[in-house]
Amino acid sequence: MNKLNLEKKILKQYLEENTKQILQKANSIKSGHIGGSVSMSQFLLPIIYYLEIENSIEYRLVLSKGHASLGLYSILSLLNINKIPFQNYCTNDPDSFHGHTCKNSFNKLLASTGSLGHGLPIAMGYSYAQKLSKSIIPTICIMGDGELQEGTFWESILHFARMKLNIKIIIDFNDSIDTDTLKIDEAIKSFLEVHELNAFSYSDLKKGIELINANGPIIIFFRTVKLANVKNYESKPQWHAGIPNTLELSDMLDKINIKLED
Amino acid sequence: MRNTLLKNISQKLPTMRDIIVLLGDLGTFQMREARSLCPERVINFGIMEQSMIGFAAGLSKGGYYPITYSITPFLVDRAYEQIKIDLIYNNNNVLILSAGASFDYSNLGPTHHCPHDVSNLLSINHPCIVHPFTKIESIKICDYLIDHKKQAYFRISTSECELDNSKFKKIKKLFLEKASKKPNFFEKYESINKNRKNILSVLFGPDSKFLNNYEQITKRSRNLITVPIITPKTLKNLAFEIQNYDEIFLFIPYEPSSLISKLLNYLTNYTSFKPSLIKAIHPKNIFFDNSYMKESILNNFSEETKIM
């Protein structure tokens, strides 16, 4: 129960299908942040598979990097949890789901997000409420590494270190930010315990799931790369929110090559 | 009003177990006993208003009713996006208590002034803005908000404004809810002098009394309306009331634009309504880089805007 049972081979197939449908969707509706959606899916897909499909574990989720909604909606659709948000993503339908994460898309989401730096305080507040109510439901907060520059991260972390909540902060560390600041991972590691995992390693993904299962506060840096699974398109700033045209899409689809070591 | 309210909340904390107070390093002295009695539910969250509002949103989502307390500009200006997204867009009800309405901290300078709080909150559709006229009214409204876990912005002023009973009689109360124990949307007063012209003065909060020409205009008014709570329902009812007057003076002791536009929106429902004058009296939108008393800013730097 505490371990991911999904076989590596099947996970690879899921990741391939997920990458494909994210790229196709972005092309067809001319919208979506494909870079962060694909990098986040690398670890979020097995996590949601474990929590929702293999087990039905009570948890709450905040997608603080709300622009990766396409990734979340794609996973929900692929795993047959809720197909509507992906189907109805950025359409003309008045009930369509817009480009940032909407809490109505998934019953585990605590908040609609989009503006960076809002997720962690909300997740902490919710988790504190759980602690007061003697509940052990874990709260998972997914952030991007760029978002760690927001003041609210540093503010919240002052409480994180003291409140001992059952909260899992998972950072999609795709390292695509190029600002003239300190190396933020080194800064965080200098005073907090951080678990650094490689999202392209099957055993690290399994380790990540074990950490999510453990009670108490956890910070995980999942090392990812934007469009790592599309050869020649890896880690290019233009694919943060860039939309592939039809030619680029067909080239990308040809070059999908899922990276997943043992 | 501040001490009264914090005392009221302190007394509720031991029994009302779904209240959590987050202090922005303000009010720690007044809340010290409550904090020692309920250390898990009275948190001095620190000087981080944005995270405090976000955290409050999470608490609200988790079934609690958080009360956040700090100085107005640090809550409303600095944490504006958190109020907009985490509270209003995400439907997380939180009671924001703010100290320092408009120019309460006048001597501390423009960094501590916040005359645009109400306007900014109305422009993001904040559903309930409170500025009580007296301590008694403040307790009544606070109890109501806590009992019903309302999304509310509570603007605590250092001044009180009780109307002179010898000159006006109370003729009408409109309630937030039907039960009479609930706080009033607004109260309507009539002058004991029946010969006055058909003039209405509307007071938005206790600081109205400091605005220019307050004395002269209210002395000429047949009726006065005090508005302690601004909700869409208040404005709708207010529009209904004011259509019957020739001249209307709105005393708004803060930046008035959003309030006026929302009120006008309701007034347009009354097509036969033809007042000769609607005027808003409000403070000028400038920075005061000198030391003025609050009364002096509101009185000497007030401006009259003709609306109709």
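Q: What makes the pairing of B:Lys294 with B:Asp104 a salt bridge?
A: In this predicted model, the closest N and O atoms of the two residues are 2.6 Å apart. The cut-off is 4 Å between a side-chain nitrogen of Lys or Arg and a carboxyl oxygen of Asp or Glu. The pair B:Lys294 and B:Asp104 therefore counts as a salt bridge.

Q: How do you know that this pair links distant parts of the chain?
A: B:Lys294 sits in helix α11 (residues 294–300) of chain B, while B:Asp104 sits in the loop between β4 and α6 of chain B. The two are 190 residues apart.

Q: Why is B:Lys294 called buried?
A: Its relative accessible area is 5%. Buried means under 20%. So B:Lys294 qualifies as buried.

Q: Why is B:Asp104 called buried?
A: The value for B:Asp104 is 14%. That is set against a limit of under 20%, so B:Asp104 is buried.

Q: What makes the link between the side chains of B:Asp104 and B:Lys294 a polar contact as well?
A: The side chains are joined at 2.6 Å. A polar contact needs N or O atoms within 3.5 Å, with one able to donate a hydrogen and the other to accept it. The pair is therefore a polar contact too.

Q: Which backbone nitrogen lies 2.9 Å from a polar atom of the side chain of B:Asp104?
A: That of B:Thr158.

Q: Which residues does B:Asp104 touch, not counting residues up to four places away in sequence?
A: B:Asp104 touches B:Ile156, B:Ser157, B:Thr158, B:Asp207 and B:Lys294.

Q: Why do B:Glu160 and B:Lys135 count as a salt bridge?
A: Their side chains meet at 3.3 Å, N to O. The cut-off is 4 Å, so the pair passes. The pair links distant parts of the chain, 25 residues apart. B:Glu160 lies in the loop between β6 (152–156) and β7 (168–175) of chain B, and B:Lys135 in helix α7 (residues 135–148) of chain B.

Q: Why are B:Glu160 and B:Lys135 called partly exposed?
A: B:Glu160 has 30% relative accessibility. B:Lys135 has a relative accessible area of 35%. Buried is under 20% and exposed is over 50%. Both values fall in between, so both residues are partly exposed.

Q: What makes B:Glu241 and B:Lys172 a salt bridge?
A: The closest N and O atoms are 2.4 Å apart, against a cut-off of 4 Å. The pair therefore qualifies. B:Glu241 is in helix α9 (residues 232–242) of chain B and B:Lys172 in strand β7 of chain B, so the bridge ties together parts 69 residues apart in sequence.

Q: Buried or partly exposed: how are B:Glu241 and B:Lys172 classed?
A: B:Glu241, at 4%, is buried. B:Lys172, at 29%, is partly exposed.

Q: How do you know that the largest nonpolar core lies between domain 1 and domain 2 of chain B?
A: This core has 113 residues. Its largest share, eight residues, comes from helix α5 (residues 119–132) of chain A. Domain 1 (2–156) and domain 2 (168–306) of chain B both give residues to it, so the core lies between them.

Key
Residues numbered from 1 in each chain as written. Chains lettered and ligands numbered in written order. Predicted model: local features only at pLDDT ≥ 70, side-chain atom pairs only at ≥ 80, totals over all residues. Heavy atoms only, no water. Buried < 20%, exposed > 50% of the residue type's maximum accessible area, 1.4 Å probe, protein only. Contact = heavy atoms within 4.5 Å. Core = buried A, V, L, I, M, F, W, Y, C linked by side-chain atoms within 4.5 Å. Helix = DSSP H or I, 4+ residues; strand = E, 2+ residues; numbered from the N terminus. Domains from an automatic or database assignment.
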